[in-house]
Amino acid sequence: MKGSTMDKYIMALDQGTTSSRCIIYDKKGDIVSVAQQEFEQIYPEQGWVEHDANEIWSSQMAVAFEAILKAGLTYKNIEAIGITNQRETTVVWDKTTGEPIYNAIVWQCRRTADYCDELKCRGLESAIKEKTGLIIDPYFSGTKLRWILENVPSARERAENGELLFGTIETWLIWKMTGGTVHITDYSNASRTMMFNIHTLEWDDEILKELNIPKCMLPKPCPCSEIYGETKEDLFGGPIRIAGAAGDQQAALFGQTCFKEGEAKSTYGTGNFLLLNTGEKPIASNNGLLTTIAWGLGDAKAGSSEGDEDSSGEGSSKNHSRVTYALEGSVFVCGAVIQWIRDELKMLETSAESEDIARSVEDTNGVYIVPAFVGLGAPYWDARARGAIYGLTRGAGRAHIVRAALESIAYQCHDLIKAMEADMGHALSSLYVDGGASANDFLMQFQSDILNLKVIRPKSVETTSLGAAYFAGLATGYYKDLSDVDDNWQKDREFDPNMQEKTREDLLAGWRDAIDRTLSA
């Protein structure tokens with residue numbers, strides 16, 4: 001597609017765990033151009049995961065240039081840039097040179113597990129959960145940042161002298177794109193650091209003291225939809241406004257237009273992430289879920305950036321935004337179990353083949369797979385659990401195992417949904433789905449059956465980048481309000497439950513038995 005100088009589009013930068021992508025959208029939310037580039041995964045020790053922050057930056061810019069060129073556009077055609085990113089991944093860099101002082105520590109990295117245990121032993125779990133909505137876990141950014149300060153030579157001294165800056169990935173990209181003039185984070189990413197008070201919308205001084213984190217390192221928290229600044233002119237040939245940012249799962253919730261309290265989405269990727277919009281009040285979970293900020297919407301008509309005025313990390317834009325909260329459940333292994341069946345067990349040529357193979361048998365012949373390859377996430381939070389296959393008999397074959405792998409994805413989502421319903425005090429009416437595995441009709445139908453719930457798949461499953469585009473478009477007036485965005489959503493297919501209650505109960509009893517056998521306690 002060739003764009004004229006009068007056409008305006010939104011550029012969404014989707015910085016993920018294994019690749020950087022850029023998708024350019026028109027006003028209807030249709031894709032104009034897309035580019036993607038993978039980057040290196042670094043494993044220095046067992047359980048450690050790192051990225052080269054400079055490679056993240058270069059790969060993200062490379063795909064941005066490629067997407068613009070593919071569409072025949074220039075910077076003048078880009079109304080604004082929205083960013084969505086892998087959450088919790090931690091970068092620390094020199095404020096003057098812009099050079100990272102250590103590799104980015106990735107959300108998957110478990111190196112701070114012992115320190116997290118120490119924090120729990122000090123009795124900090126309830127206070128941190130009340131303030132941040134999170135459990136104490138290496139998953140989140142705070143202990144990763146502390147590790148860098150404790151283990152990189154001179155890092156702590158330099159940080160206390162105001163020479164170093166911290167950021168999650170959206171902060172790093174915005175700082176680089178603005179030539180080091182804007183140091184901000186959005187509320188959704190800030191809420192995943194384990195240092196941010198989700199009630200006051202400020203960095204929590206008591207937690208910072210416990211973790212020994214200098215506050216001067218931290219970016220300024222801002223709404224997810226706000227004009228933060230402009231790209232430096234030599235980057236794209238002229239300035240482009242940066243006007244939206246959100247963590248990937250929150251962006252997907254927004255891209256699914258789950259704007260109403262009680263609406264939920266499930267993203268089926270490498271893992272499975274389920275978010276439920278709980279409205280303007282946070283709900284504390286008693287069932288192993290996380291309380292998080294879904295998004296904060298600034299004054300979309302103002303057109304000014306609070307981030308330009310003060311990037312010191314002091315204070316926030318909380319008086320100028322409306323915050324929406326969410327409950328979140330995270331399953332660490334979702335699509336990855338199909339990759340394992342394909343790559344390690346060699347039972348599949350392609351992941352897509354799993355659907356036909358699963359349909360070739362009436363059931364799993366009693367086989368259950370619990371894919372706890374890296375422990376179990378919500379609602380169990382058992383880091384020592386390990387994957388297992390149960391119920392094997394001489395009659396179990398390849399198709400039964402493949403079907404059991406797909407069904408394990410739906411069972412794990414079921415457990416999250418039931419935990420959410422218990423926290424909310426009522427049942428969901430439907431579930432919106434997206435992500436790669438949501439294209440599998442067998443899986444989506446089984447998901448509907450085992451939940452006894454309507455499952456709705458949109459025409460565009462690129463909801464993560466689309467959410468980032470919507471945040472940016474709302475900030476600049478490209479979209480006038482949420483109803484303008486909501487009009488873009490289109491349904492692809494609806495899956496309705498078609499399973500006998502007795503069958504559902506028997507299947508879930510078998511799953512619960514498999515889980516009980518897998519838990520380490």
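## How to read the model

Residues are numbered from 1 along each chain as its sequence is written, and side-chain values use heavy atoms, leaving out hydrogens and water. Because the model is predicted, local features need a pLDDT of at least 70 and side-chain atom pairs count only at pLDDT 80 or more, while totals for chains, interfaces and linings use all residues.

## Confidence along the chain

Let's begin with pLDDT, the predictor's confidence in each residue, from 0 to 100. The protein chain has a mean pLDDT of 90, and 94% of its residues reach 70 or more. Over residues 1–5 the pLDDT is below 50, and this stretch has 13 contacts in the model beyond near neighbours in sequence. A contact means heavy atoms within 4.5 Å.

Residues 300–320 also have a pLDDT that stays under 50. For them the model has 58 contacts beyond four places in sequence.

## Helices H1 and H6

Helices (H or I, at least four residues) and strands (E, at least two) are DSSP runs, numbered from the N terminus. Helix H1 covers residues 53–70 and helix H6 covers residues 169–177; they pack at an angle of about 65°, with their axes 11 Å apart. Here axes are lines fitted to C-alpha atoms, for helices over the stretch in contact, and angles run from 0 to 180 degrees between N-to-C directions. H1 and H6 are therefore roughly perpendicular to each other. As for that wording, angles under 35 degrees count as roughly parallel, over 145 as roughly antiparallel, 65 to 115 as roughly perpendicular and the rest as oblique. On the H1 side, the contact is made by Ala-53, Asn-54, Ile-56, Trp-57, Gln-60 and Met-61. H6 brings Ile-169, Trp-172, Leu-173, Lys-176 and Met-177. Sorted by type, the residues of this contact of H1 with H6 are eight nonpolar, two polar and one charged. In this sorting, Ala, Val, Leu, Ile, Met, Phe, Trp, Tyr, Cys and Pro count as nonpolar, Asp, Glu, Lys and Arg as charged, and the others, Gly among them, as polar.

How many residues of H6 are buried? Nine of the nine are, so H6 is largely enclosed by the rest of the structure. Buried means under 20% relative accessible area, exposed over 50% and partly exposed in between (1.4 Å probe, protein chains only). Among the buried residues of H6 are Glu-170 and Lys-176. Just after H6, Gly-179 takes a positive phi of about 70°.

Helix H10 (248–255) has a crossing partner in helix H16 (residues 463–476). Their axes come within 7 Å and cross at roughly 75°, which makes H10 roughly perpendicular to H16. In H10, Asp-248, Ala-251, Ala-252, Phe-254 and Gly-255 take part, meeting residues of H16 that include Thr-463, Leu-466, Tyr-470 and Leu-474. The residues of the contact of H10 with H16 divide into eight nonpolar, four polar and one charged.

The loop between H10 and strand S15 (264–268) holds Cys-258. Cys-258 is buried, with a relative accessible area of 0%. Not counting residues up to four places away in sequence, Cys-258 touches several residues, including Leu-253, Asn-277, Trp-295 and Tyr-432. Thr-257 lies in this loop between H10 and S15 too, and at 9% relative accessibility it counts as buried.

Where is Arg-21 placed? Arg-21 sits in strand S2 (residues 19–25), and it is buried, with a relative accessible area of 14%. Leaving aside neighbours within four places in sequence, its contacts include Asp-14, Gln-60, Glu-462 and Ser-465.

Leu-428 is in the loop between helix H14 (398–424) and strand S21 (430–434). At 9% relative accessibility, Leu-428 counts as buried. Leu-428 and Ile-417 are eleven residues apart in sequence and 8.2 Å apart in space, C-alpha to C-alpha.

Most residues other than glycine have a negative phi, and most peptide bonds are trans. Thr-257, not a glycine, has a positive phi of about 55°. In Trp-381, phi is positive as well, near 50°. Trp-381 lies in the loop between S19 and S20.

Pro-379 is placed in the loop between strand S19 (368–370) and strand S20 (388–390). The peptide bond from Ala-378 to Pro-379 is cis, with omega near 0°.
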